[in-house]
Amino acid sequence: LNKYSNQLAHRLLQLGVTTRDIVAVYSNKSINFVIGIIGILKAGCAYLPIDASYPQSRVEYILTNSNASIVVTTADLGSTLAMMPDLTVLKIDSEGNELATYPDYNPEISVKPYDPCYLIYTSGSTGQPKGVLLNHEGRVNNFYDFNSRFSITSKDKVLAVSSVSFDMSAYDILGSMMAGSSIVLPDPLLEKQPFHWLGLIQKYGVTIWHSVPVLLDLLCKCWQHRKEFRADSIRLVLLGGDWIPLSLPDNFRSINDKAKLISLGGATEVSMDSTIYSIGSVDPNWKSIPYGKPMRNQKAYILDKKRQLMPIGFPGELYLGGLGVGDGYYMNPEATMERFFENPWDDDPKQKIYKTGDLALFEPDGTLILLGRMDFQVKINGTRIELGEIEKCLLNFEGVNRVVAVAPKVGSSRKIVAHVEYKLGLKIPKENELVKYLTKLLPKSHIPAHIILTNAI
């Protein structure tokens, strides 16, 4: 791995990259993806992960918006990039002979703590995704906290189930290898199948599960039908990125009652995770599993509309601070000014706080309790979705007059429903026409479960 990553790094340096440059990785979750991001980091650049399942228009937008001029990819995905002739495309699985001519020793590159580590794009309310730039210092702090807090070593194995474009995958690959752990990569054709996860857990003795809650819930439901699989090798379950159903901890304990279950809170704009809570017995009267307390070198504040501190026990907006806070939204100073602010409670003028949009409060013992959202952002199956992005896309469909997207709860999960008003006198299109249109613009996670069409009155 080190050899191949070094060869890629030297190839990138030969192409003229410098520190702070953005290099994209457009790949399925595979060994080539791992080689790609490590090689990019070794060249002193920041990596930009792009999920291979994204529609072509979104891939093109992200590459254009990020100013990435080099893309590391594989032969089977190269055709998607053919419409962008100005890109330098490195197909690392088919250019092995070329990369083999480059040195395999570590390149001598100086990278500072404040240099960017990765650029990740999230859903944006303006109709286009927005990039978030994160530095090395915050990532190292976050990863080291996990590894030291939970005594993660070379004996551990992490099953990498998160999407490559989701910041959880950063720990699965970079954070786990900081401790010398092994990464277990699912078969790309079966990576969304929980029975496949159960097989890998048993075959390789996976010790760490790290995912959004819905994936663990799928694992539990699958185990109910495939009880011949064993998951008792798992000693640590890390859950973040979304609300944890109150029933989930006990459901998993029916499979494995010895593992430690951890609730994590945070935002892509700050750290992979900023708060932590060890889940013991669950109070059925809770609204949600607690967010917990800030992790090492990270801070949390509950503020009012004037960004003044709220008393203990009073709800307000959650702001996150400390080493994890990112540099802001990439090439988007207006959005940065709306969410990132100087931290008046920190002596370091470089430290910022991030406005999360979460409604929360502090309990007397300092535990954070999440109460809901203060805007139109939702999380579905762990994916952060701005409903405004869906509305903007639908408004561009010919004949659409108004759109309102909502995400009501259906049982324990949410479903996106778009209400579309068509202009008076025009023939209303079929729902599948709008779905087909959206699939060319948005990831599958953003496509409404139902689109309700009406004529303007």
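In what sense do S3 and strand S4 (residues 88-91) pair, and over how many bridges? They pair in the parallel sense, over four bridges.

Good morning. Before I continue, some notes on the source. This is a predicted model, in which local features need pLDDT of at least 70, side-chain atom pairs count only at pLDDT 80 or more, and totals for chains, interfaces and linings use all residues. Residues are numbered from 1 along each chain as its sequence is written, and side-chain values use heavy atoms, with hydrogens and water left out.

Some terms are also needed. Helices (H or I, at least four residues) and strands (E, at least two) are DSSP runs, numbered from the N terminus. Two strands pair if DSSP finds at least two bridges between them. In general, strands of a sheet pair through backbone hydrogen bonds, either parallel or antiparallel.

Let us return to strand S3, residues 70-73. Opposite its Val72 stands Leu90 of S4. S3 also pairs with strand S1 (residues 22-27), in the parallel sense, over three bridges. There, Tyr26 stands opposite Thr73 of S3. In a regular strand the side chains alternate between the two faces of the sheet. Are the two faces of S3 covered or uncovered? Both are covered: Ile70 and Val72 on one side, and Val71 and Thr73 on the other, are all buried. Here, buried means under 20% relative accessible area, exposed means over 50%, and partly exposed lies in between (1.4 Å probe, protein chains only).

Ser69 is placed in the loop between helix H3 (56-66) and S3. With a relative accessible area of 41%, Ser69 is partly exposed. Contact means heavy atoms within 4.5 Å. Leaving aside residues up to four places away in sequence, Ser69 touches Ile22, Asp86, Leu87 and Thr88. From Ser69 to Gly265 there are 196 residues in sequence and 34 Å in space, C-alpha to C-alpha.

I turn now to the nonpolar cores. A nonpolar core is a set of buried Ala, Val, Leu, Ile, Met, Phe, Trp, Tyr and Cys residues joined through side-chain atoms within 4.5 Å. Which residues of the largest core touch the most other members? They are Leu12 and Tyr47, in a core of 61 residues. Helix H2 (residues 31-42) contributes the most to this core, with seven residues. Leu12 touches Val17, Val23, Gly39, Ile40, Ala43, Ile70 and Leu90, again not counting residues up to four places away in sequence. Apart from this core lies another, of 31 residues, including Leu159, Ile201, Leu219 and Val237.

The next topic is an open sheet. Seven strands form it in the order S8-S7-S9-S10-S11-S12-S13, with mixed pairing. Strand S8 (182-184) and strand S13 (293-294) stand at the edges with a single partner strand each, so one side of each has no neighbour in the sheet. Within the sheet, strand S7 (residues 157-159) and strand S9 (residues 208-211) pair in the parallel sense over two bridges, and the bridge partner of Val158 in S9 is Ile208. S9 also pairs in the parallel sense with strand S10 (residues 236-239), over four bridges; Ser211 stands opposite Leu239 in S10. Both faces of S9 are covered, with Ile208 and His210 buried on one side and Trp209 and Ser211 buried on the other.

On a 1 Å grid over the protein atoms alone, a cavity is a set of points where a 1.4 Å probe fits but cannot get out, and lining residues have an atom within 4 Å of a point. The structure holds one cavity of 30 Å³ or more, and about 80 Å³ of space lies in the largest cavity.

Finally, consider strand S25 (residues 417-422). Why is S25 described as largely enclosed by the rest of the structure? It is so described because five of its six residues are buried. Strand S22 (residues 400-406) pairs with S25 in the antiparallel sense over six bridges, and Val404 has His419 of S25 as its bridge partner. Strand S26 (residues 450-455) pairs with S25 in the parallel sense, over six bridges, and Val417 stands opposite His450 of S26.

Thank you for your attention.

Definitions and conventions. On a 1 Å grid over the protein atoms alone, a cavity is a set of points where a 1.4 Å probe fits but cannot get out, and a pocket is an open set with protein on both sides within 12 Å along at least five of seven lines; lining residues have an atom within 4 Å of a point. Grid points are joined across faces, edges and corners, and a volume is the space filled by probe spheres set on the points.
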